[in-house]
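Biologist: Could you take me through one part of this model slowly, strand by strand? I would like to see what surrounds it before I look elsewhere.

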Amino acid sequence: MTKIIGAIMVTAATTSLGVMSVRQLKRRVRSLRSLVGALDIMRSEICTRLTPMPELLELLAAQTEEPANIFFANCLIRQRSMRGRPFAELWRSALESTEELELKEYELEPLLELGPALGRYDTDRQGEAILAAKKRLEAFLQKAESERDRESRTRAMLGVAAGVMITIILI
Amino acid sequence: MDEEYLISRFYSAAALLPQGLRETFERLSDKEKAFAEEFRLRAGLLPSVLLPGGEKRLGTRTVSPRDLIDTLEIATESSLHSSKESIRNGFVTGLGGHRIGICGTAIMKNGEIEGIRSVSSLSVRIAKEIKDCGREVASKLIESGRFMSAIVISPPGGGKTTLLRDLVRQLSNRGFRVALADERNEIAAVRGGVPQADVGMRTDVLSSCPRDQAVMLLLRTMNPEIIAMDEITAPRDARALESASNCGVGLLATAHALDVSELLGRGLYRELLSQGIFRKAVVISRTDGVRSFSVQDLEGLC
């Protein structure tokens, strides 16, 4: 009886590890998608409506999908509390502290590079910088989506299989 | 005037500067902070403060081009793109209503200034609200309960905007419905729809709109008794004033001139005065750093 309970527990644990890994893939896709959408809004607000940055951050924090909205809310908090500091600095700080983005270092790079271009140049240059960052994020999104489609089932199955394997070895 | 208030305005303007520069200005004595009128930042030179007695150079660290860009970024809350129109006119209005004049290389497009690149110097004018400085002047501009249209004159930096702000407040609180065309947003310093300066309880503010368009818009929509504006500089401003004047609205404006005779020597103003659009001139003069105001009748001068 103890062996059966142990086997079930081991299998459940490895299965949940597999499921967590699948969820992580999905969260990464959601994160990249929300950021791509946010950059679209950002570009049109800056280039078309000339929206001031505090107002823009408020809008993005309220209207974009999670977790991009958390990132922009963090930017807004920093802009209010770090008055007198360059925007690039608070942008970087918000990026580094928004763990909900769950992005890999190389996926954060386009956003880190975008920071210094925001708020201090004319609309054309900012628009170009946003577009360039968006294109790079879109490429990452595509890659993350195919990774998710390709590996979701494999990772879930691997979790179950690993559990069964460990149980057999232990028994 | 309250020294504490003046010092607080100094710090409010200094907050627009990058940290290194800010510290240089903050080393001034309290008396100098209270009397400071402008911060002057020129690339490659020491920063200086404009005091009633003239400019005083500060510190040992020269201003870098990066300092100038950082100042503009801080002052506009990283929203330089939103100030495109005012940059075209050579200034931005920072938080707290402090006006920052910009010099650099003009970008020309179709014969008009499109923007300014390679910023070479900035002048941060410390906005000060001097309540009641216009109390006596306001009384002299009202005759038999009627406001007499007036033009406030002084050379640049003479205190026109400060006096205009208080006149608007005085007239508004005395029962006149005042519409304020605040193109540079330095009179009322509106932020999030709320004026940061006290411009009176019956004042409607239209900010960041070209003066000529603002006058017509206010006339059509706000039913004003008085329209106030800063610095008439272009023929189109004068034409808008003529139209407003024909609608029975009182006008209050400012212009750069030493005195009335200098004003009459310039075509744009001579025409306005000859049409009787302004009935009074408020002349600001300065002796030993102390400002005084005199109200003169303009009728019969042209």
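Modeller: Happy to. Please keep in mind that this is a predicted model. Chain B has a mean pLDDT of 89, with 99% of its residues at 70 or more. Within chain B, the mean is lowest in strand S11 (residues 190–191), at 78, and highest in strand S1 (residues 38–42), at 97. For the complex, the predictor gives an ipTM of 0.71 and a pTM of 0.74.

Now to your strand. S9(B) covers residues 150–154, and five of its five residues are buried. Both of its faces are covered: B:Ala150, B:Val152 and B:Ser154 are buried on one side, and B:Ile151 and B:Ile153 are buried on the other.

As for its neighbours, S9(B) is joined to S15(B), residues 250–256, by five bridges, and the two strands run parallel. If you want a spot to look at, B:Ile151 stands opposite B:Ala253 of S15(B). S9(B) also pairs with strand S16 (residues 280–287) of chain B, over four bridges and again in the parallel sense. There, B:Ile151 stands opposite B:Ala281, while B:Ile153 has B:Val283 as its bridge partner.

For contrast, have a look at another sheet of chain B. Six strands form an open sheet in the order S3-S2-S1-S6-S5-S4, with antiparallel pairing. Strand S3 (54–57) and strand S4 (91–93) stand at its edges with a single partner strand each, so one side of each has no neighbour in the sheet. On average, neighbouring strands of this sheet are turned by 35° against each other, direction ignored. Inside the sheet, S1(B) and strand S6 (residues 112–125) of chain B pair in the antiparallel sense over five bridges, and the partner of B:Arg40 in S6(B) is B:Ser123. Helix H4 (residues 65–75) of chain B lies across S1, S4, S5 and S6 of chain B, and runs at about 90° to S6(B).

Finally, a pair of helices in chain B is worth a glance. Helix H8 (residues 211–221) and helix H9 (residues 235–246) of chain B pack at an angle of about 15°, with their axes 8 Å apart. H8(B) and H9(B) are therefore roughly parallel to each other, and their crossing is left-handed. Among the residues that meet are B:Val215, B:Met216 and B:Leu219 from H8(B), and B:Ala240, B:Ser243 and B:Ala244 from H9(B).

Note on methods:
Residues numbered from 1 in each chain as written. Chains lettered and ligands numbered in written order. Predicted model: local features only at pLDDT ≥ 70, side-chain atom pairs only at ≥ 80, totals over all residues. Heavy atoms only, no water. pLDDT = per-residue confidence, 0-100. Buried < 20%, exposed > 50% of the residue type's maximum accessible area, 1.4 Å probe, protein only. Pairing = 2+ DSSP bridges. Axes fitted to C-alpha atoms, helices over the stretch in contact; angles between N-to-C directions. Parallel < 35°, antiparallel > 145°, perpendicular 65-115°, else oblique. Left-handed = near helix turned anticlockwise from the far one by under 90°. Contact = heavy atoms within 4.5 Å.
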